[in-house]
Amino acid sequence: MKKKTLLVLLLVFVFAITAALGACGGGGGTSGGGGGGGATGSVEGKTVGVIPITLSNGFHQAEKIWRERFAEEYGLTLKYLDGEFDQTIIVNNLDQLIAEQVDGIVLHSYEVDSVVAGIDEARAQSIPIITYYLETPNNIPFVAINEAEAAFAMGQVAATQWLEAHPGTQIVYSVVDYIDSPVVQAMRTQPFIAGIKDVAPDAKQGKIIDGGGTRDTGYKAAQDIIQSTPETNIFYGASSDYSLAIWPALQEVGRGKASNGVVETEILVGTDATGEEMKLLYDSSSSFKVTMGLTPKDNARKIIDTIVAVMLGEIDPDTKVTINTYDKQFDYWSTTIEDARAWFSDQYGMEPEF
């Protein structure tokens, strides 16, 4: 009963964040879905500008490959402008694509307010534009990644397994985070913490530090956490860049170990389920034991089908429509390596090295 109550409260929190981000735009959001090649008509020979938040991350690299494959089915050309995890660059990229008069735009922004005017300008110039992951108040279609349920489950698993390995200890959790990103807080960090507290209501917060957007800056944040709160026994990296930054920081102080899958000093939890993460997850001597898989293939399919449908007028370019995708939770104890390999091969389009 307690689990159900917490999950309901968590979903209310997620919906409140989504509503707050969209409140200024008016227009009721509706749910939709893209199917493989579902739009009719032709966009052959047209160019869609794509602004990813970054291309330095394995998930975004895989998603780019799939987008290009699906775009070829429609005869579309994709023009990529890397956001480099820098909001100024993202805004400038949006301005550039508008000036070039591309035929459509897919935007993944880190922050909302600075892109609202650019989105309005794109629509004023009749350029179809959709946003991805981070919703803005503009009345335009939005492709969402619903991560809250998987993040909640990760927190539950991490707390359960820690207490099973170390009964009677108090859980202390710390996070290398995207502190100023409302969507990361709503979909990743807060649900993850709620999952921990569902199992261990007395769990204590150690330290939550912004990771700065790169693996290098995330590594420095992880070092800070380990030095200032060494009692942390559940570490969470809110992206694979951050989880894979925490890992070497743990190793350099003799931590990050497990014996036949039984963790010694902590459980490390990640995000994205990239090849690097999964290799560590299934290493029985590593304390990296939980992650959630963003689905680059499924997301790319929804994104390309959605922008095509908008370009063809099958989805109103000036209506707030939400198309959802979902993450998958993985852990060392309940997900077989065979199932994980099959999932990875399908989503990343390559044979796994784990």
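Helices (H or I, at least four residues) and strands (E, at least two) are DSSP runs here, numbered from the N terminus. I worked on a predicted model, where local features need pLDDT of at least 70, side-chain atom pairs count only at pLDDT 80 or more, and totals for chains, interfaces and linings use all residues. Residues are numbered from 1 along each chain as its sequence is written, and side-chain values use heavy atoms, with hydrogens and water left out.

**Entry: Asp272.** I found Asp272 in the loop between strand E12 (267-269) and helix H9 (275-281). Asp272 is buried, meaning under 20% relative accessible area with a 1.4 Å probe, protein chains only. I looked for a salt bridge (a side-chain nitrogen of Lys or Arg within 4 Å of a carboxyl oxygen of Asp or Glu). Asp272 has none; Arg188, the nearest side chain of opposite charge, is 4.4 Å away. Lys and Arg count as positive, Asp and Glu as negative; His and the chain ends are not counted. The Asp272 side chain does make a polar contact with the side chain of Asn57, at 3.3 Å. I took a polar contact as an N or O pair within 3.5 Å, one able to donate a hydrogen and the other to accept it; residues adjacent in sequence count only if both atoms are side-chain atoms.

**Entry: helix H2.** I followed Asn57 to the start of H2, where its side-chain oxygen reaches to within 2.8 Å of the backbone nitrogen of Phe59. Buried residues of H2 include Phe59, Trp66 and Tyr74. Just after H2, Gly75 takes a positive phi of about 75°.

Terms used
Buried < 20%, exposed > 50% of the residue type's maximum accessible area, 1.4 Å probe, protein only.
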